[in-house]
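I hope they are handy to have beside you as you look through it.

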Amino acid sequence: MGSWETSDRKLRLPRDWTAIVKRILKRDGHRCTWIDYEEGRRVRCVATVGLEVDHIVPGDDHRDENLRTLCREHHWRKTAREAGAGRAKRRAEIHR
């Protein structure tokens, strides 16, 4: 996965991104919305610091319905999983 230094991601965010982030954090009660499944039950993350706004479906859909609050750890996990899937897809396409 590329870093912010080499990514054009910041350039693709809307001008009012800061206001959007504030709105989503408020909507989500300033809590991580990640849900894990342990021992057959749902377990919510209780983080209230280090929060970031995540695009549920990757891309440039900045509508509220596609945004959620995640703590840094869960945001990193999701992004790493998406990056790994993207690399696997590219490898599969190369080896066809």
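1. Overall fold. The chain has three helices and four strands, where helices (H or I, at least four residues) and strands (E, at least two) are DSSP runs numbered from the N terminus. Their order along the sequence is α-α-β-β-β-β-α. Please keep in mind that this is a predicted model, in which local features need pLDDT of at least 70 and side-chain atom pairs count only at pLDDT 80 or more, while totals for chains, interfaces and linings use all residues. Residues are numbered from 1 along each chain as its sequence is written, and side-chain values use heavy atoms, with hydrogens and water left out.

2. Dimensions and surface. Along the principal axes, the C-alpha atoms fill a box of roughly 45 × 45 × 25 Å. The accessible surface is about 7300 Å², and carbon and sulfur atoms account for 54% of that; areas come from the Shrake-Rupley method with a 1.4 Å probe, and for residues only the protein chains shown count as cover. Of the 96 residues, 25% are buried. Here buried means under 20% relative accessible area, exposed means over 50%, and partly exposed lies in between (1.4 Å probe, protein chains only).

3. Contacts and charges. Taking contacts between residues at least 6 apart in sequence, 49% join residues at least 24 apart; a contact means heavy atoms within 4.5 Å. The chain carries 23 positive and 16 negative charges, and their mean positions are 0 Å apart. In this count Lys and Arg are positive and Asp and Glu negative, with His and the chain ends not counted. Each charge is placed at NZ of Lys, CZ of Arg, CG of Asp or CD of Glu.

4. The largest core. Which residues make up the largest nonpolar core? There are seven: Leu13, Trp17, Ile20, Ile24, Leu25, Val53 and Leu67. Helix α2 (residues 17-27) gives the most to this core, with four residues. A second, separate core has six residues, among them Trp34, Cys45, Leu70 and Cys71. A nonpolar core is a set of buried Ala, Val, Leu, Ile, Met, Phe, Trp, Tyr and Cys residues joined through side-chain atoms within 4.5 Å.

5. Around helix α2. Beyond its neighbours within four places in sequence, Ile24 touches Val53, Asp64, Leu67, Arg68 and Thr69. Arg27 is also found in helix α2, and with 44% relative accessibility it counts as partly exposed. Leaving out neighbours within four places, Arg27 is in contact with Asp64, Leu67 and Arg68. From Arg27 to Val43 the C-alpha distance is 20 Å, across 16 residues of sequence.

6. The cysteines. How many disulfides does a search of the whole structure find? The count is zero, a disulfide being a pair of cysteine sulfur atoms within 2.5 Å. For Cys32, the nearest cysteine sulfur is that of Cys45, 3.7 Å away. The sulfur of Cys71 has its closest cysteine sulfur in Cys32, at 3.8 Å, which is too far for a bond. Cys32 is buried at 3% relative accessible area, and Cys71 is buried at 6%.

7. His74. This residue sits in helix α3 (residues 72-94). Is His74 buried or exposed? It counts as buried, because its relative accessibility is 7%.

8. Arg44. In strand β2 (residues 41-44) you will find Arg44, which is exposed, with a relative accessible area of 52%. Apart from neighbours within four places in sequence, Arg44 is in contact with Thr33, Trp34 and Ile35. Arg44 and Glu82 are 38 residues apart in sequence, and their C-alpha atoms are 21 Å apart.

9. Two loop residues worth a look. His30 lies in the loop between α2 and β1 (35-38) and has a positive phi of about 55° although it is not a glycine. Most residues other than glycine have a negative phi. At 41% relative accessibility, His30 is partly exposed. Val57 belongs to the loop between β3 (51-55) and β4 (67-71), and is exposed at 53% relative accessibility. Val57 and Leu67 are ten residues apart in sequence and 8.4 Å apart from C-alpha to C-alpha.
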